[in-house]
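Visitor: I'd like a quick tour of this protein's fold. Could you walk me through some of its packing and pairing?

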Amino acid sequence: MDLQLDQLRALNAVLTEGTFDAAARRLNLTPSAISQRIKALEESAGRVLVQRSKPVRPTESGLAVLRLARQVELLAGDTARELGDADRPADRPIRIPIAVNADSLESWVMPALASVPAGISFDLHREDEEHTTQLLRDGTVTAAITATATPVQGCTVTPLGAMRYRPTATPRFVRTWFPDGPTPAAYTHAPVVHFDRKDDLQFRQLRRRTRRQVDPPGHYVPSSSAFANAVRLGLGWGMLPDLQTEKDRTAGTLVNIEGDSHIDVPLYWQQWKLHSPALTAVATAIAAAAASALTTPG
C-alpha cells in the first residue's frame, strides 16, 4: 500500500471528530477534500475503511489503518518540534489521546497532566479501569491507565500503584442499616450505590462478606463526584477511594463500615511502543504523580 501522510491525517481527523465537516474544520480543508483523501486511501488499501454513518465509524480494516495513522501523526509531531524552536511550542500541539478511569481523573491525573510541558494537548476518554485496554487495542487512544497488567500487543506496561477503596457510608446510614455491624444479613438488605453496570467493586465487597451472590437495592450514579455525593447524602453505601474521602473521614461525615477493610485496585500505565518525546513526557508526569498519590497494593 502507498499510504500518503495527508490521507492518514484525514482518516484520523474523520474518526476522531465523527463527521467529514468537523474533520474539514480541524484540518482547514473542505469536506470534499476530506472525502477525496479518504476515498484515495480506501482505494490504496483496497477496502472500505470508514462507515459513512453519524458519527462516522471505522470498519475492522479501518481500525488497523487508524492505529497507523495516529502513530504516524504522533511521530510527525515529535519530528516537527525537534526541527523547530525547542523553547517555543508549535502552533499545532501534539495530541495525546488517553483512556483514564473516572476516580483517577477526579483525583490525581489532572494535576499530573498540568505539569506536562507546553505543546501537548490531551484527548481524555473516561472508561472503567477494567475496560481501558480495549481503547488501546482499537487505536482510539495512545495510552491508558488500566487495571490490566498484561500488555496489549504493541504496548509497554508500567506499574503505577493502587487506589485503595473502602466500604463507606454516613454514620446515620450505618446506625440504620448496620445496627449489629457489617453482617452478611445487613449487606443483603442495605441500599448500595454503584458507579455504572461495569463497576464491580461493590459486588466484590458483597461476595467477600456474604460468600454468595446477592443483589440488594441499588442506585447507579455514573459520575465519580456525584457517586461520592450520593454516599454522602445517605442514598447507600459505596466503595470510595481514600483519595476522595480523607476530609470526610477526618470530619466524621463518612465512616468505614468495616474498620480497616479495603480493596486495592492496582493501576498500570500502558502505552504504544513508540520512541516519542511527547509520550515520554506524559508518562513521566503520570508516574511521578502516581508515586505520591497511590498506595502499594496489599
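Predicted model: local features only at pLDDT ≥ 70, side-chain atom pairs only at ≥ 80, totals over all residues.

Visitor: How are H2 and H3 oriented to each other: roughly parallel or roughly perpendicular?

Guide: H2 covers residues 20-27 and H3 covers residues 31-45, with their axes 8 Å apart. The packing angle is about 100°. Angles of 65 to 115 degrees count as roughly perpendicular, so H2 and H3 are roughly perpendicular.

Visitor: Which residue in E4 is the bridge partner of Ala99?

Guide: Strand E3 (residues 94-100) pairs with strand E4 (residues 120-126) in the parallel sense, over seven bridges. Together with helix H5 (residues 102-114), E3 and E4 make a right-handed β-α-β unit. In E4, the bridge partner of Ala99 is His125.

Visitor: Which residue stands opposite Met239 in E9?

Guide: E9 (residues 238-241) has Gly238 and Leu240 pointing one way, while Met239 and Pro241 point the other way, and all are buried. E9 runs antiparallel to strand E6 (residues 155-169), and four bridges join them. Opposite Met239 stands Pro167.

Methods
Residues numbered from 1 in each chain as written. Heavy atoms only, no water. Axes fitted to C-alpha atoms, helices over the stretch in contact; angles between N-to-C directions. Helix = DSSP H or I, 4+ residues; strand = E, 2+ residues; numbered from the N terminus. Parallel < 35°, antiparallel > 145°, perpendicular 65-115°, else oblique. Pairing = 2+ DSSP bridges. Right-handed = clockwise from strand over helix to strand, strands pointing away. Buried < 20%, exposed > 50% of the residue type's maximum accessible area, 1.4 Å probe, protein only.
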